[in-house]
Amino acid sequence: MDCYPRLQEERLRLGLGLKDAAKVAETTLRTMRRWESEQKMPIAALSALAKYGYDAQYVCTGRRSMNNKGPLGKGGTEDDTPYVPAYAPDEVEWILRLRQLDPEQRRQLQAVLDALAPKPRRAKRTRRPPVQDTEPSLAPLPAEPT
């Protein structure tokens, strides 16, 4: 998987040493080193790094996020990498909490969301008038009564 080198790339982009990154992720230097060399990483650790400025979307997919501002909102990338929308850290937390709900709790939450932020309604389709022929009519004019 290509995410491991990108994890290190993000650390270097932010100017962090392994020790600093381990502190942000609340783990040991040894574990941080393992995560950068193809050992699975818990989502909570990636979430902590994202709060510091890691572009979690980039680490996972290879596509830069337009929401990433770097540490304390200080910057993104210097290249012209195309950006795509990403989830904010609080949205990631909501998704993780949603996944812990049972089906009945999800239905209840859906009802609350529908009450707070109803789904947008589709605009009614209006009938278009028929297309008028722009060519002049070649039919003969009716005769005038005499």
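This is a predicted model: local features need pLDDT of at least 70, side-chain atom pairs count only at pLDDT 80 or more; totals for chains, interfaces and linings use all residues.

Me: Ok, and which helix gives the largest share of the nonpolar patch?

Reply: That's helix α7, residues 103-116, which contributes four residues. Leucine 98, though, sits in helix α6, which covers residues 89-98.

Me: Is leucine 98 buried, partly exposed or exposed?

Reply: Leucine 98 counts as partly exposed, because its relative accessibility is 33%.

Me: Back to α7 then. How many residues does α7 have, and how far does it reach?

Reply: Helix α7 has 14 residues and spans 20 Å from its first C-alpha to its last. That is close to the 20 Å expected at 1.5 Å a residue.

Me: Got it. How exposed are arginine 107 and glutamate 104?

Reply: Arginine 107 counts as exposed, because it has 52% relative accessibility. Glutamate 104 is at 39%, so it counts as partly exposed.

Me: How many salt bridges turn up in a search of the whole structure?

Reply: Three. Another one joins arginine 13 and glutamate 10, whose side chains meet at 2.7 Å, N to O.

Me: How far apart are arginine 13 and glutamate 10 along helix α1?

Reply: They are three residues apart in helix α1 (residues 3-13), so there is about one helical turn between them.

Me: Buried or exposed, that pair?

Reply: Arginine 13 is partly exposed, at 26% relative accessibility. Glutamate 10 is buried, because its relative accessible area is 0%.

Me: Which residue does arginine 11 form a salt bridge with?

Reply: Arginine 11 pairs with glutamate 36, and their closest N and O atoms are 2.6 Å apart. This pair links distant parts of the chain, 25 residues apart: arginine 11 is in helix α1, while glutamate 36 is in the loop between α3 (29-35) and α4 (43-52).

Me: Are those two buried or exposed?

Reply: Glutamate 36 is buried, with a relative accessible area of 11%. Arginine 11 is buried too, at 7%. The cut-off for buried is under 20% relative accessible area.

Me: Changing topic: what's inside? How many residues does the largest nonpolar core have?

Reply: The largest nonpolar core has 16 residues, and Leu7, Met32, Trp35, Leu49 and Tyr54 have the most contacts inside it. The elements giving two or more residues to this core are α1, α2 (18-24), α3 and α4.

Me: Last bit, the overall picture. How many helices and strands does the chain have?

Reply: The chain has seven helices and zero strands.

Me: And what percentage of the chain's residues count as buried?

Reply: Of its 146 residues, 23% count as buried.

Terms used
Residues are numbered from 1 along each chain as its sequence is written. Side-chain values use heavy atoms; hydrogens and water are left out. Buried means under 20% relative accessible area, exposed over 50%, partly exposed in between (1.4 Å probe, protein chains only). A salt bridge is a side-chain nitrogen of Lys or Arg within 4 Å of a carboxyl oxygen of Asp or Glu. The expected span of a helix is 1.5 Å times one less than its number of residues. A nonpolar core is a set of buried Ala, Val, Leu, Ile, Met, Phe, Trp, Tyr and Cys residues joined through side-chain atoms within 4.5 Å.
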